[in-house]
Amino acid sequence: MSELNIQQVLNSRFRTSAEADRITVALMGNLGLSTKANVARLAIGRSLALGSFADEGIDAKGLEIPAASLFTQEDIGVWVGVIVTHACRHGLDPIDSMDSFRAAIRKHWHRGAALLLQDWEAADGDFDKFLETLIVRRAELPEVTPHSATKKPESAMVEKPTDISAALVRALAEIGVTAEVRGFTHGPRVTRYKVYLADVNQKPKLERGMDRLSLVLNLQKAKPTLGPGEEAKTISLDVPRPERTWQLVLFARLREWAASTPVEEGKLMVFPGVDVLGIPYSFDLAAAPHLLVGGTTGSGKSVCLHSLILSLILRLPPSLLQLALIDPKQVEFAVYEGSSYLYGGDVAVDVSTARERILELVAEMDSRYQRFMTLGVTNITEARRRGMALPYIAVFIEELADLILQDRDIEEHIVRLAQKARAAGIHLILATQRPDAKTFSGLIRSNIPARIALTVQRGTESTIILDELGAENLLGTGDMLVKAKPGGDADRVHGVVALRADQEAVLRERVAR
């Protein structure tokens, strides 16, 4: 690149075609992204996965964006290297000047934007499905050149988080709180600051001023959260970071946790993700003993359900675990069709089949209690120790609200399971993207003590799921609040990315064993 250097690229401005500019603006709205650069990076990466360009005229009438928005000092070398290598490998004109580099950006952005729009339409506007497509196809730029033998995980392609201690102290002063930052820890999505308050009487003012603090720090819709400190007069302040600095929690980590955690009699450990500092988070579903999962479209609810299912499959054979899967949406659990883990032999995908499956589970529960009585035991753990070969049954119901709206009578059978099924080894995981008081009666909520709340639209929805506010302030795409123990505090967890390819791989492995 005789006339091209990195600093020159960073000082430049780039534009795409008028058509791609229009698509970019539309995708910003669909995906909830704040800048064109966010979409442009995805589009360029999507295009780089393909070969040469079609012979078509591409105008340059889109609005310009600065290179500093599109690239960073840390990743610019990789972007330039891959774009240049792409041209070489596919016999395109060499990129040896700023004009040729701008033209390459324009072509990749133009082609990639159209492909991203096709991906979005193919996902029917479902953010979870689109996200799965995005990551599977590696729509982000590869982290190494095509000549490299190995690839780094997708989470490596992120901007390095920065320390905003000085800005945080100034922001606190603006809301009338005198404080000192005495350290910080970068987690996957938030940075935890250790804040010292010389005057502890200012803590109530800080608690009341969190909305103002968010505004001063320009956190957009995100909110910082307070927690207890480890030393006298200190608190922890978790400050959300820009999405470009987030670290994905890849499925490989869930595999590691599942493999390294001993299987214990009577426990059903699940691994939804990591806490705000990146420490693996798990809980015992058998002790929960039932779980309500709620979150709006795009919150990562479906991915969360799959991470729970795969946590169980990775650790237990079909002789110890059966999955009763009920999916009125008819698509979410299709990957498990034909699996030896399926209770009843298939996924229940309509209201009548769902009703039959739930009645079968009620009958199974009653039958088990009859057998317990004959054997002189009171629960599945004691029964298994006495030689009774009974598997645990995890019942996953996707979009419970739809099911109840279509069949009001089904609620009483679900409540009966929630009230009595624990000792029989039957555990419910009920999910919905529309939590409201009409479809989630007090009986259901009072008998489902464990909760996972992903991002919701309103505080009232957070209260339905968690019995408290907070989920309305989450960051989306797998950010969640987990109440694993009745009456316990909610833990903030960033979810594992469990993709369709991961699901299929795990099922193939279990068949091979």
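A: Ser 311 is buried, because its relative accessible area is 0%; buried means under 20% relative accessible area, exposed over 50%, and partly exposed in between, with a 1.4 Å probe and protein chains only. The model is predicted: local features need pLDDT of at least 70, side-chain atom pairs count only at pLDDT 80 or more, and totals for chains, interfaces and linings use all residues. Residues are numbered from 1 along each chain as its sequence is written, and side-chain values use heavy atoms, with hydrogens and water left out.

Ser 311 sits in helix H12 (residues 301–315). Helices (H or I, at least four residues) and strands (E, at least two) are DSSP runs, numbered from the N terminus. Leaving aside residues up to four places away in sequence, Ser 311 touches Leu 254, Met 269, Val 270 and Phe 271. Contact here means heavy atoms within 4.5 Å. A polar atom of the Ser 311 side chain lies 2.7 Å from the backbone oxygen of Ser 307.

Next, helix H18 (residues 459–466). Six of its eight residues are buried, so H18 is largely enclosed by the rest of the structure. Those residues are Gly 459, Glu 461, Ser 462, Ile 464, Ile 465 and Leu 466. Their cover includes strand E10 (291–294), helix H17 (442–447), strand E14 (450–454) and strand E15 (479–483). Asp 467 follows H18, with a positive phi near 70°.

Strand E4 (residues 190–197) also has six of eight residues buried, so the rest of the structure largely encloses E4. Strand E3 (residues 179–186) runs antiparallel to E4, joined by six bridges; two strands pair if DSSP finds at least two bridges between them. A hairpin of three residues links E3 to E4. His 186 has Thr 191 of E4 as its bridge partner. Strand E6 (residues 234–240) is antiparallel to E4 too, through seven bridges. There, Val 190 is bridged to Pro 240 of E6.

Last, a helix pair. Helix H5 (residues 76–89) packs on helix H6 (residues 98–122) at about 85°, with axes 11 Å apart. The contact uses Val 80, Ile 83 and His 86 of H5, and Phe 101, Ala 104, Ile 105, His 108 and Arg 111 of H6.

How values were computed. Axes are lines fitted to C-alpha atoms, for helices over the stretch in contact, and angles run from 0 to 180 degrees between N-to-C directions. A polar contact is a pair of N or O atoms within 3.5 Å; within protein, one must be able to donate a hydrogen and the other to accept it, and residues adjacent in sequence count only if both atoms are side-chain atoms.
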